[in-house]
Amino acid sequence: MAILYSFRRCPYAMRARMALHVSEIAYEHREIILRDKPASMLKASPKGTVPVFIKDDGKVIDESLDLALWALNQSDPLGWLDGYNAELIEQHDGPFKHHLDRYKYASRYQDDVPRGAVDLNYRAQAEAILLELNQRLEENSFLTGPQQSFTDIAIFPFIRQFAAVEPDWWSSAPLSALREWLSRHLDSELFKSVMTKYPLWVEGA
Ligand SMILES: N[C@@H](CCC(=O)N[C@@H](CS)C(=O)NCC(=O)O)C(=O)O
């Protein structure tokens, strides 16, 4: 049986869990915490990020996009690969994530910034990217057209994180199409089904 090392709140793990779910790949779920990673996970993937997937043939996939693509190439019942836009996803994994981290965790990146403070310069840089997404969503219900694709699935967990930093600001930002798209994804049965709470997996227990 295949194994997935995962962390519930990790946006990379969320996108991978959603792809595994729709492609109906069977696996053992191992819930971990990032500050105490199991030795067996680090042995399979020394870089120490989740998700880590060990296929039933023993091969390891330790990048969320590789894992999602592998799963969807087995079975893609919702046609998610039809709208796969690698460039848009990369813009989010790269520049957007960079700005998000510096907005949300300003004290980790700058001296003399109190813990919990946000950085509005980085919020503005992230918002510029979000305005582009919002424009796409004013034209179509989903990021790459009228149908949901893996591009939506890959990106929305990061927008969820961004939205939660300052909920009051988010609720009045000029991003109403994006807000509506995010709510649709958060309210979906698919998302709920991959946010199940698992007990922590304990090595050797
Ligand atoms: N490029 C990787 C990034 C995965 C990643 O950074 N995951 C975070 C959690 S959201 C992690 O495991 N960080 C390691 C740590 O915080 O120790 C992927 O797409 O799978």
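This is a predicted model: local features need pLDDT of at least 70, side-chain atom pairs count only at pLDDT 80 or more; totals for chains, interfaces and linings use all residues.
**Opening entry**

At what angle do α4 and helix α7 (residues 150-165) pack, and how far apart are their axes? I looked this up and found an angle of about 15°, with the axes 11 Å apart. Here axes are lines fitted to C-alpha atoms, for helices over the stretch in contact, and angles run from 0 to 180 degrees between N-to-C directions.

Residues are numbered from 1 along each chain as its sequence is written.

**Whole chain**

I counted ten helices and four strands. Helices (H or I, at least four residues) and strands (E, at least two) are DSSP runs, numbered from the N terminus. Along the sequence I read the pattern β-α-β-α-β-β-α-α-α-α-α-α-α-α. The C-alpha atoms fill a box of roughly 50 × 45 × 25 Å along the principal axes. For 205 residues a compact globule would have a radius of gyration near 17 Å, and the chain's 18 Å agrees with that. This radius is taken over C-alpha atoms, and the globule rule is 2.2 Å times the number of residues to the power 0.38.

**Back to α4 and α7**

On the α4 side I listed L88, I89, H92, F96, K97, L100, Y103 and K104, which meet T151, A154, I155, F158, Q161, F162 and V165 in α7. Contact here needs C-beta atoms, placed from the backbone, within 7 Å. By class I have ten nonpolar, three polar and two charged residues in this contact. Ala, Val, Leu, Ile, Met, Phe, Trp, Tyr, Cys and Pro count as nonpolar, Asp, Glu, Lys and Arg as charged, and the others, Gly among them, as polar.

**α4 with α6**

Next I checked helix α4 (residues 86-104) against helix α6 (residues 120-139): their axes come within 8 Å and cross at roughly 150°. That makes this pair roughly antiparallel. The crossing is left-handed. F96, L100 and Y103 are among the α4 residues that meet α6, where the partners include Y122 and I129. The contact has seven nonpolar, three polar and two charged residues.

**α1 with α7**

The axes of α1 and α7 come within 9 Å and cross at roughly 150°, and I noted a right-handed crossing. P11, M14, R15, M18 and A19 in α1 meet F150, I153, A154, P157, F158 and Q161 in α7. I have nine nonpolar, one polar and one charged here.

**Around the ligand**

Which residues are around the ligand? I wrote down F7, C10, P11, Y12, L34, G48, T49, V50, P51, E63, S64 and L65. A residue counts as near if its C-beta atom, placed from the backbone, lies within 6 Å. α1 (11-22) and α3 (64-74) each supply at least two residues of this shell. I sorted the shell into eight nonpolar, three polar and one charged.

Most residues other than glycine have a negative phi, and most peptide bonds are trans. I found a cis peptide bond joining V50 and P51, with omega about 5°. P51 lies in the loop between α2 (39-44) and β3 (52-54). E24 has a positive phi of about 55° although it is not a glycine, and I located E24 in the loop between α1 and β2 (27-31).

Technical notes
Angles under 35 degrees count as roughly parallel, over 145 as roughly antiparallel, 65 to 115 as roughly perpendicular and the rest as oblique. A crossing is left-handed if the near helix is turned anticlockwise from the far one by less than a right angle, and right-handed if clockwise. Two residues are in contact if their C-beta atoms, placed from the backbone, lie within 7 Å.
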